Amino acid sequence: MLEIEFWWLVALPVFFGLGWAAARIDIRQVIREARNLPSAYFRALNLLVSEDTERATDVLVDMARAERGNTELQLALAGLFRRKGETDRAIRIHQSLLQEATLDSADRQRVTFELALDFLGAGLLDRAETHLTALLDTPLEARALPKLLSLYSAEKEWAQAIETARRLEQASGHPRPHEIAQYWCEIAQQAFNHSQDAVVVEAVEAALAAHYKCTRANLIAGRLALRQGDADAALARWQRIESQNAEDLPLVAGLIADAVLDGGAGAMDQSTAANLLRGYWQQCPTVDVLDATFKVVTRAEGEAAASALLADAVRQKPSLLALSRQLEHGNAGDVATLRPLLGQHTRRLSQYRCTACGFRARAHYWQCPACSAWETYPARRVEELNIYD
Ligand SMILES: [Zn+2]
């Protein structure tokens, strides 16, 4: 029922368009041209529609042999070869097309783009890059840029990735702050590993200029400051993450705890840090924040305060990870908090799971209600399958 309605939605404008066209085109001319098309063309089209690419290719190869000068036909054939994974044959066709002196510049660009896709498919990235960059400043630039961007990203050519992303932003009108900031962070991290401190500083600032909420930039900047012996500056950097994105606090809590407990020059005092991290746990109650807070509280306020912290954490935000921390530190906890927590987890673990699509269900099915496959439900519960995701 739905399909019919959708079909009409598409068909109506088409019919209007046809009516418009019929008034302007000599319909007899169209019929004459259609009659002139070789029947092999329709045979190939039919086979393609029925997804028999193997036989469609055979038909097209025969046709292409008879009509060497037909660029469209050669392009269609090469496209089929690439789709079948025979990239070497696709490359040969595209390369010989490019050698045709009669090819106009628009077709030359199209073939160049197709050839670049062949090279990408074959993993020949250098040659793909050459052909894609040849398309910059042509009408095909907007199609070449995304391919070029993923190529530079795969090759970890971050400077070129940034330049390409900027160009793509202009061509498409869609800003890409997250990606550009991450490319800068890749440069910063590399420079950090090679002790090129000036480059780190520059790249971190560029990342934040591209995306002011880039937490990774401040993480790296803090690490650099700490390595340079300025714990105060490191802590200031890391504390900025709270206002950038509180969801990333687990990534910084451990760093803050270690810097404070190492007691480097200018580090904040331990009880200030304990309160800071308690605040972080309220904003983002994860086990990593809890671990960091526990370490600092143990040192600053003693074991009793630390074990009270764990008990509070399990009560406020019950999780098996938090509970295991509580048990590790010699506190058995109380069964009242344990029972609902266990119930919640065992409910999840006692489901059945489709091996074809991953759909979970409380009952066992012979046919999956999600993907309709048969006999894809093992008669074992999720926990017994050793799947915990
Ligand atoms: Zn399924």
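The model is predicted. Its secondary structure comes to 21 helices and two strands. The protein has 389 residues, of which 36% count as buried. Among the contacts with a separation of 6 or more, 43% join residues 24 or more positions apart.

**Helix α8 and its cover**

- Helix α8 runs over residues 125-133, and its buried residues are A128, E129, H131 and L132.
- The cover over the buried residues of α8 includes α7 (105-122).
- Also included in that cover are α9 (141-154) and α10 (158-172).

**The second largest pocket**

- The volume of the second largest pocket is about 260 Å³.
- Its lining is made of 14 residues.
- Y41, L60, E72, L73 and A76 are the lining residues that lie nearest the centre of this pocket.
- Three helices, α3 (39-49), α4 (53-66) and α5 (71-83), each supply at least two residues of the lining.
- Sorted by class, the lining of the second largest pocket holds eleven nonpolar residues, one polar residue and two charged residues.

**Q74 in helix α5**

- Q74 has its place in helix α5, which is one of the helices that supply residues to the lining of the second largest pocket.
- Q74 counts as buried because its relative accessible area is 12%, under the 20% cut-off.
- From C-alpha to C-alpha, Q74 is 8.5 Å from L60, and the two are 14 residues apart in sequence.
- L60 itself is among the residues nearest the centre of the second largest pocket.

**The zinc site**

- Four cysteines bring the protein donors of the zinc ion: C354, C357, C368 and C371, each through its SG atom.
- The distances from these donors to the zinc ion are 2.3 to 2.4 Å.
- The site is tetrahedral, with angles of 106 to 112° among the four donor atoms.
- Along the chain, the donors follow the spacing C-x2-C-x10-C-x2-C.
- C368 counts as buried because its relative accessibility is 2%, under the 20% limit.
- C371 counts as partly exposed, since its relative accessibility of 32% falls between the limits of 20% and 50%.

- T376 is found in the segment after β2.
- T376 is buried because its relative accessible area is 10%, again under 20%.
- With neighbours within four places in sequence left aside, the contacts of T376 are R353, C354, T355, A356, W366 and C368.
- Of these contacts, C354 and C368 are also among the protein donors of the zinc ion.

**Positive phi at two serines**

- S195 is not a glycine, yet its phi is positive, at about 55°.
- S195 sits in the loop between α11 (177-193) and α12 (197-210).
- S372 likewise is not a glycine and has a positive phi, in this case of about 65°.
- The place of S372 is in the segment after β2 (360-361).
- S372 counts as partly exposed because its relative accessibility of 43% lies between 20% and 50%.

Note on methods. Residues are numbered from 1 along each chain as its sequence is written. This is a predicted model: local features need pLDDT of at least 70, side-chain atom pairs count only at pLDDT 80 or more; totals for chains, interfaces and linings use all residues. Side-chain values use heavy atoms; hydrogens and water are left out. Buried means under 20% relative accessible area, exposed over 50%, partly exposed in between (1.4 Å probe, protein chains only). Helices (H or I, at least four residues) and strands (E, at least two) are DSSP runs, numbered from the N terminus. Contact means heavy atoms within 4.5 Å. On a 1 Å grid over the protein atoms alone, a cavity is a set of points where a 1.4 Å probe fits but cannot get out, and a pocket is an open set with protein on both sides within 12 Å along at least five of seven lines; lining residues have an atom within 4 Å of a point. Grid points are joined across faces, edges and corners, and a volume is the space filled by probe spheres set on the points. Ala, Val, Leu, Ile, Met, Phe, Trp, Tyr, Cys and Pro count as nonpolar, Asp, Glu, Lys and Arg as charged, and the others, Gly among them, as polar. Donors are N, O and S atoms within 2.8 Å of the metal (3.2 Å for Na, K and Ca); water is not among the atoms, so sites may look incomplete. Four donors count as tetrahedral if all angles lie between 85 and 135 degrees; four count as square planar and six as octahedral if opposite donors are over 155 degrees apart and all others between 65 and 115; anything else is irregular.
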